[in-house]
Amino acid sequence: MDFLRRAAKTWVAKLLLILLVASFGVWGISGSILQNNSTTVVSVGDEKVGPEEFYLAYRQQVGAISQQFGRNLTTEEARAFGIEDQVFGSLATNAALDQQASELNLGVSEKRQGVILSQQPIFQDSLTGQFDQGTFRRVLQNIGMSESQYLTISAKEATRSQVTEAVSDGFKIPQTLLKALAEYRTEKRDIDYLVLTPAILDEMAAATDEQLKTYFDANIARYAAPEYRKISYLKLTSEDIIDLDGVSEEAIVQEYEARQSSYSTEESRAIDQLTFKDDVAADAALAKLNSGTSFDDLLVEEGKTASDVSIGTFTKNRMPDQSLADAAFSVPAEGGNTDVLKGTFGPVILRVSKIEPAVTRTLDDVKEDIRRQLALIAAADTLLDVHDAYEDDRASGLTLIEAADKQNLKVVTIDMIDRTGADDKGVAVEGIPQSREVITQAFESDINLETPPINIGSEGFVWFEVLDIIAARDRTLDEVKDRVSADWLAAETEAALVAKADELKKQLDDGKTLAAVADEHTINLEKKIDITRGAPDAVFNLATIEAAFAGPIGLTTVAPDASGANQVLMKVVAVNVPEDALSDQAITQNLENFNAVAGNEVVGQFVSRLQSEYGVTVNRELASHILAQ
């Protein structure tokens, strides 16, 4: 430091300082130093929102949405979600309420603020339920806020609440509106209708070349070829480097002997259990069985079914009642029964309805399975070595194909693939590992650019490389003529069906009945009883129902059906509104919510009026500068 101070006093340092000052005089001071010198991001009347408050509100909103997505949003994504505008709106609302509170000389005493603070659950001790100073400080430290900042924000929020509560608290929805809501909710209608399908139309003539060209020119963007990319990829998992021949016969035998018990299956038996009230009844039943009565006939006599007495299939050591296991597994054949046994709930007779014998798979039976398991284990042990060797080969200058060949990995080349994963015929390309990530990154990469591997689960990798980029272009009519013909026919058919439906509706309006229309076109006349606004089905979707509720009784109208391929010609034949609609349980239960929603709407209108009177200014340039930094 002493050296620097001495150097600063020399004529050399003074000359450099003079030159620096002169340079500002010649070239001027950079605009970036002077721009954004305003310290207000949002202002409403005399209320100013500074950069720190704006950035804190912005980060809180981004954090809330990021939590929903499970990852942090980028600035571009946040802008796409309109988060900046949401924050501007929220800050402008708060500023308008602050300005109103200031004009009304409202505030919060320290005592009241202390009460509010003590009532915040986040600051309370989990055992006592009382405010805890240590918890309060830890929470603020975790969110990066000082005590003074929190108390200032808390006081403002409490003051704003005085304004909003004065406007909305105790607000009750008017009875007229409540009655309208109740009737809207409970209204039911009976509808007579016909489903008009393209079958009622005359056969459509094939399009002329001129019609196809006109249709194609009007919809040329629909048939444009998207950008395609030619890519090569290779996959590295244990399966890709498995060496079955590298597993010795000796290793297979050792593995089999070490795990022989896992290749054996114990005998299991399906057991039926018939329980009796006492020994006399059980002995009588056993006598019948011994004299030739079948177990099934005995069940009928006892008023039981097979499902009533079946207790399941078990191995001997898994029988629910081990005291019966020996007897059950001593029955010599399927269908046989035991003598009378002492069960948990009284005397029982067991029947063995099915026997699955014990099975031991020999070495020859499982040899190839063992070979594959051992080969996969060995491959997993060397997988990272292959990964590192491949990366070293790429770093030394080898191409993807050359490095893959050196490690005996298979390279797959896809000549054309678009962002959706389809080829130039519109068919989805199958088999790409981690396909969504590979395709997304491929369209963010460039030709022959080496890219890092993409993980496949926890133990695999996939590498890719873009070999070519085929730019998006407009296709010619000849390339897509079949598609254009089909689309033209579909569009013409839809238009013709709509026109036919409108024509039939006009006939109804002129006095013709739906039944007459149905007979004339051999269509079934159908009816829906007591439909409500919120109950779509396979024919009436919400849009169809909305059309059915768009007018009074006698309304005739047309709307697409739920499939979108047909038209529904309908007539409202009954409108049913319960006289006691206001007593509807849903209305009663949600009355408090209705009042709250209506109160919030009034507050929203109040805030809009305040902002109109005070004026709102948003410095977007400063906001962008803050976010960029």
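Predicted model: local features only at pLDDT ≥ 70, side-chain atom pairs only at ≥ 80, totals over all residues.
A pocket, as I use the word here, is an open set of grid points with protein on both sides within 12 Å along at least five of seven lines.

**Confidence.** The mean pLDDT of the protein is 86, and 92% of the residues reach 70 or more. I marked residues 1-36 for caution: pLDDT stays under 50 there. For that stretch the model has 10 contacts beyond four places in sequence.

**Pockets.** Next I looked up the second largest pocket, and its volume came out at about 310 Å³. I counted 17 lining residues, with Y228, D424, K425, R475 and R483 nearest the centre. Its lining divides into 8 nonpolar, 1 polar and 8 charged residues.

Then I turned to the largest pocket, which holds about 790 Å³ of space. Its lining has 29 residues, and L56, Q60, M145, I153 and E157 lie nearest the centre. By class I noted 14 nonpolar, 10 polar and 5 charged. Which helix gives the most to this lining? I found that α9 does, with 9 residues. Helices α4 (51-69), α6 (83-103), α8 (133-142) and α9 (147-168) each supply at least two.

**Sheet.** Last, I traced an open sheet of 4 strands, in the order β7-β6-β9-β8, with antiparallel pairing. β7 (310-315) and β8 (341-343) stand at the edges with a single partner strand each, so one side of each has no neighbour in the sheet. From one strand to the next, the twist averages 45°. I followed β6 (residues 268-275) along β9 (residues 346-356) and found 8 bridges. One of my stops was A270, whose bridge partner in β9 is K354.

Technical notes. Residues numbered from 1 in each chain as written. Heavy atoms only, no water. pLDDT = per-residue confidence, 0-100. Contact = heavy atoms within 4.5 Å. Pairing = 2+ DSSP bridges. Axes fitted to C-alpha atoms, helices over the stretch in contact; angles between N-to-C directions. 1 Å grid on protein atoms, 1.4 Å probe; cavity = no way out; pocket = protein on both sides within 12 Å on 5 of 7 lines; lining within 4 Å. Points joined across faces, edges and corners; volume = space filled by probe spheres on them. Nonpolar A, V, L, I, M, F, W, Y, C, P; charged D, E, K, R; others polar.
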